[in-house]
Structure formats: C-alpha cells, structure tokens
Amino acid sequence: MPFLKKYLLPRIVQYLVVILIGATLIFFVPRLMPVDPVQQTLEKITIQGAFLDPDAIEQMRATLQDLYGLKGGLGAQYLTFWKRLFKGDFGPSFAQFPTPVMTLIKTSLPWTLGLLVTSTLLSWLLGNILGGLAAYYHERKWASVLESIAMVMRPIHYYIVALGLLMLLGYAIPLFPISGGFSIGRKFILTWDVMLDILKHALLPALSLVIVGTCTWFMTMRLLVSNLMAEDYIVYAQVAGVPDGEIAFKYAIRNALLPQVTGLALSLGQIFGGALITETVFAYPGLGTLLYSSINAGDYNLMMGITLLSVIAIATGVLIMDLVYPLLDPRIRYD
Amino acid sequence: MLRTLADMMNQDKRFAFGFTVMLILVALAFLSLFSPHDPRQWNVVPRDRPPSTQHLLGTTSTGQDVSWQATWAIRNTLLMSLIAMLSSRVLAIVIGLLAGYSGGTLDRILMTLTDSFVILPLLPILILVASILKQSLSVVNLGILLGAFGWAWDARLIRSQVLSLREREFTYTAILSGMSTPRIIFREYLPFIFPLITATAMNNMLWAIGMEVTLAVLGLVSLEVATLGTMIHWAVNSQSILLGMWWWILTPVVICIFIFIALYMLSLSINEILDPRLRVQRMTK
C-alpha cells in the first residue's frame with residue numbers, strides 16, 4: 001500500500017507532533033504565570049478566619065500540590081501531565097474545587113457548540129454563495145450593493161460589531177435579552193417553552209457572528225471568483241453558451257471553494273477557544289466565559305483543559321482537510 | 001512616484017478613500033507632538049464636559065481631553081500595528097517560500113512548525129502571555145509579540161500558492177530551460193505571490209489592531225499607554241454608555257472603524273493594481 005505508507009503515515013505522524021508541540025507549550029505557558037494556585041487556595045481557607053497550626057497548613061499544601069499536579073520539579077509535573085492526559089483526566093478545577101475540569105467543560109460545551117457550529121456553517125454557506133454570485137454577476141446592481149455592504153462591514157473588528165449590536169438591539173430598541181443563555185430562574189427541562197427561550201437568547205450573539213462571518217467569507221470568495229473570471233475555461237464556457245447559472249456554480253464557485261474549505265476546517269476548530277469575545281460581550285454561558293473566568297482566577301487546569309481540547313480539535317480539522325485536499329484539487333499531488 | 005499616486009487616486013475610489021483617511025490619521029498622529037497634556041496624566045482638564053470650542057471632543061471622567069488623547073491613541077496604535085506587520089511579514093515570506101518550493105523533509109518540518117502556530121488558539125495564548133507581561137506590554141513589545149504570533153496563517157497561504165504554482169506548466173518549462181531555483185522563486189513565483197503579500201500585510205495590520213483592542217478591552221495591556229483599545233477600555237469601564245457620554249465612547253470606536261475600512265480598501269485596491277490579470281480585466285471592462 002504505497003498510499004498508506006507515503007501519504008497517510010506522514011500525515012498522522014505530523015498530526016501527533018502538532019498535538020505534542022501544542023500540549024507542551026500549553027503545559028509551560030501557564031506555569032510562567034505569577035499566580036501560585038496552591039498559595040491562593042490556602043489564602044482562601046485562612047482568610048475565613050479559621051486558625052490552623054503551621055503543620056496542618058504544610059500538610060494541606062502537600063495534598064493540594066499533589067491534586068493540582070504541581071508536585072515535584074517541572075520534569076516530574078510534565079510526566080504526570082501526560083499520564084493524566086491519556087486517561088482523559090484534566091484534574092480538578094482550582095477555582096471551583098473539587099469539580100473536575102472535564103465536568104465544567106462538559107456543562108459549557110453544548111452552549112458553545114450549538115451557537116458557534118450553527119453560525120459558522122450558516123455564514124460559510126451564505127458568504128460563499130453570495131460572494132461567488134456577486135463576483136460572477138459583478139455588473140448587476142444587487143451585486144455592487146452587496147459588495148459595498150460587505151466591504152464596509154468586513155474589516156470592522158468583531159468586538160465593535162458585537163458592542164454596537166448590543167447597544168442598538170439590547171438597549172436602544174430592546175428587541176432581545178441583553179445577556180445570558182436562558183431566563184434567570186427558569187427550570188432546565190426540555191420543553192417547547194425552554195427551547196424557545198434558549199433560542200431567543202442565542203439570537204443576538206448568533207446574529208453578530210453571522211453578520212461578521214458572512215461578510216468575511218463573502219469578501220474572500222468574491223476575490224477568488226473574480227480572479228477566476230479571466231481564466232480561459234470560464235471564457236470558453238461562456239462562448240460555448242453554457243447557461244450562466246451553471247458556469248457560476250459548477251465552473252467558478254466550485255473551483256474557488258478549495259481555499260474556503262481550508263478556512264472552514266480551521267474556523268470550526270477555532271470554535272473551542274474562539275468564542276471568548278462573543279460570550280464575554282453577551283454573557284453567554286459557554287466555553288469562552290469559562291476560559292475568561294479561569295484566566296482571571298489563575299485556574300491552570302481549566303485553562304489547559306480548554307486550550308488542549310481546542311488544539312486537538314483544530315489539529316484534527318487540519319488532518320481531515322489535508323486528506324481531502326488532493327481529492328478536491330487534482331492539480332495538487334503528493335508523490 | 002507622485003504621478004503614479006495621482007493616477008491611482010483617480011482610477012480607484014477605494015484607494016483614494018483609504019489613502020486619504022490614512023493620510024489624515026498620520027497627520028493627527030503627528031499632532032500628538034503638540035499636545036499640551038501628558039497622555040498618562042489624569043485630571044488635567046475639567047471632567048465630564050461635552051464637546052465645546054475649548055475641548056473639541058469633550059473631556060473624560062478621568063479628566064483628560066478626548067481629542068488630544070485620541071491623537072496619542074492613533075499614533076500608538078498605528079506604530080504598534082506597523083511593528084507587528086513588518087516582523088510577521090519577514091517570517092511568513094521566508095517560511096512560506098522555503099516550505100512550498102523545497103518540499104520533502106524541510107517542508108514537513110517547517111509546516112509542522114507553522115501548523116502548530118496556526119492551530120494554537122492564539123487569543124487564549126496571547127491572553128495568557130499578556131496577563132504575565134501586562135505592565136511591561138508597551139507599544140513596541142506588543143507589536144513584536146503580535147508579530148511573533150501572526151505569521152503562520154500567511155506563511156501557509158504563501159506555501160499553498162507555491163505548491164499550486166509548482167505543478168503548473170511554466171515551472172517545468174523554467175526548470176527544463178535551466179533556470180536556477182532562486183531565480184525561479186524570485187522571477188517566476190514572486191510576481192504571483194506579491195499581491196498576496198501586500199494584501200495580507202494590510203490584513204495583518206487590521207488583525208494586530210483588532211487584537212490590541214481585544215486585549216485592551218479585557219484589561220490585559222499596559223492601561224496607562226493611550227491606544228485606541230485602552231481608550232475604549234476606559235470609556236466602557238467608566239459606564240460612559242449608560243451615562244450618555246457619547247463623545248467619549250464614540251471617538252475611539254469611530255476612529256477604529258475608519259482605520260479598519262481604510263486599511264481594507266487599500267489592501268483590496270493594491271491587490272488589484274499589483275495583479276496584472278485583474279488590471280487587464282478592469283481595463284477591458
């Protein structure tokens with residue numbers, strides 16, 4: 001099997017190396033932080049006024065260090081880190097002790113996944129189709145209107161768009177609830193009402209994501225397709241009388257989609273860590289909010305857990321994309 | 001030089017817009033040299049005043065003049081993004097060209113490196129680093145930090161372009177006619193890649209400014225240095241929206257929007273001017 005040996009194997013090796021580098025960086029970066037979590041936890045206990053004799057404190061310090069995986073030198077810690085990782089155990093959270101990190105992530109993940117996968121896919125589809133069509137029919141009125149809107153919206157930083165939408169549709173014209181994932185005090189049971197409530201809370205963050213996302217994909221796609229417009233095969237198809245719609249979709253958009261697939265794989269992988277601003281602005285209860293609070297609290301385990309998941313997700317995305325690439329673009333061969 | 005510039009201004013409205021806005025912003029940045037106030041100092045003017053002839057854009061709750069503060073902010077933000085852009089360009093071009101053309105082991109090593117930088121969720125990691133360095137994260141340091149993280153995606157783009165170019169016929173023609181590798185890369189490939197480099201350069205500046213705003217809004221840069229991000233940070237955190245102090249929050253937001261759009265228009269327009277295929281296409285239109 002030359003394919004397996006020459007193509008698949010190197011890619012899987014690379015995949016593992018990428019995860020190794022990522023995980024190693026993630027292990028070392030938080031350990032450079034000036035916050036000592038063990039000291040912090042001890043201070044939290046002693047600040048409540050309880051008197052503890054020094055021996056007990058020392059004992060507690062040792063136990064905590066063991067629990068947090070901070071026992072021994074850096075090398076020993078690093079070994080423990082990998083041992084735990086293989087068991088899928090990111091250890092307990094420091095800030096919300098003793099809840100395991102995995103439990104916290106599992107609670108937040110559905111919120112982030114639901115919001116971001118939907119809006120990412122939606123904006124990818126919308127942006128590519130509209131962008132491709134706008135480039136193909138560039139002399140039409142609607143195309144230039146769409147283009148001007150996207151051109152002005154595209155570069156504006158996401159935080160500012162989100163803040164603007166929140167000010168406009170949350171405060172000035174209060175159409176949407178301004179924060180949270182569902183109404184406060186609502187019981188979390190799966191009924192029609194609760195679903196509607198969740199949907200209503202997700203609309204504003206989703207809207208901001210879709211607006212920005214669509215404009216981004218739109219502009220790249222428009223550029224890609226307009227680069228193709230002078231290619232011989234498009235001109236030839238036009239001269240040969242192939243229907244315009246068919247040229248637009250099957251000749252132009254299909255060929256230009258290749259780099260966009262790369263982008264999609266990456267942006268789907270980014271979801272795990274990328275929801276930070278959305279969730280901070282709209283106080284949405286997902287991974288981003290969890291990550292932000294973990295950074296404020298100096299919660300190593302939680303930070304590492306989220307960032308690691310993000311690394312694994314995006315590495316997998318790149319691997320899949322690499323495997324699909326030659327199928328999509330016959331011009332690229334790996335041999 | 002001046003004539004080309006005038007030609008470009010006449011030919012492309014987007015270039016004219018972007019160039020004019022950037023020129024105005026640079027002029028504003030130079031005005032900061034004549035600022036009567038130290039941007040780090042608080043309570044140098046009466047607080048919470050709306051715009052007037054004395055304070056063109058009003059004053060803040062921290063007792064600073066918004067218009068002078070904005071000139072400092074523009075200066076620092078532009079400087080920071082310029083440093084980030086230049087340092088990441090060098091890395092992206094060298095790594096992208098080398099990896100794409102050489103292939104084999106070198107390609108795999110370089111791409112492993114690039115991939116780890118692409119996959120590393122940049123925002124959380126930048127936040128981690130920023131929360132360590134926080135106080136020493138001056139304009140120059142932040143620029144270098146962003147440059148060190150911002151090259152990977154562009155390197156990957158350049159590499160994939162080279163990969164595709166390598167399979168095209170003219171490469172074989174060049175190789176068979178005895179052209180040396182550096183000559184093929186610089187004479188044959190660079191013209192194809194150059195629009196990509198300039199367009200990504202503008203986009204990289206955009207990205208750097210956006211990152212700076214994000215980090216500053218989260219309170220993770222040196223907050224006494226006036227940048228557009230820290231101006232937004234102080235305005236949002238002092239509840240200027242609820243207090244109705246529009247002159248304070250809107251000044252940095254509007255300037256940001258103008259910078260973003262201007263840089264983007266420039267990148268689009270330069271992309272088109274540099275790419276001969278697009279230029280021909282536009283002339284025949």
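Modeller: The model is predicted, and within chain A the lowest mean pLDDT among the elements, 68, belongs to helix α2 (residues 37-47). The highest, 89, belongs to helix α5 (residues 101-136) of chain A.

Biologist: What makes pLDDT a guide to how chain A should be read?

Modeller: pLDDT is the predictor's confidence in each residue, from 0 to 100. Chain A averages 79, and 85% of its residues score at least 70. Where pLDDT is low, the predicted coordinates should not be read in detail.

Biologist: Why is the set of 127 residues called a nonpolar core?

Modeller: Such a core consists of buried residues of nonpolar types, Ala, Leu and Tyr among them, joined through C-beta atoms within 7 Å. The largest has 127 residues, and those with the most contacts inside it are Tyr159(A), Leu126(B), Ala208(B), Leu215(B) and Leu263(B). Helix α11 (residues 246-274) of chain B gives the most to this core, with 16 residues.

Biologist: What makes Phe149(B) a contact of Leu126(B)?

Modeller: Two residues are in contact if their C-beta atoms lie within 7 Å. Leaving aside residues up to four places away in sequence, Leu126(B) touches Phe149(B), Met211(B) and Leu215(B); therefore each of these pairs falls within that cut-off.

Terms used: Residues numbered from 1 in each chain as written. Chains lettered and ligands numbered in written order. Predicted model: local features only at pLDDT ≥ 70, side-chain atom pairs only at ≥ 80, totals over all residues. Helix = DSSP H or I, 4+ residues; strand = E, 2+ residues; numbered from the N terminus. Buried ≥ 20, exposed ≤ 12 C-beta atoms within 10 Å, placed from the backbone.
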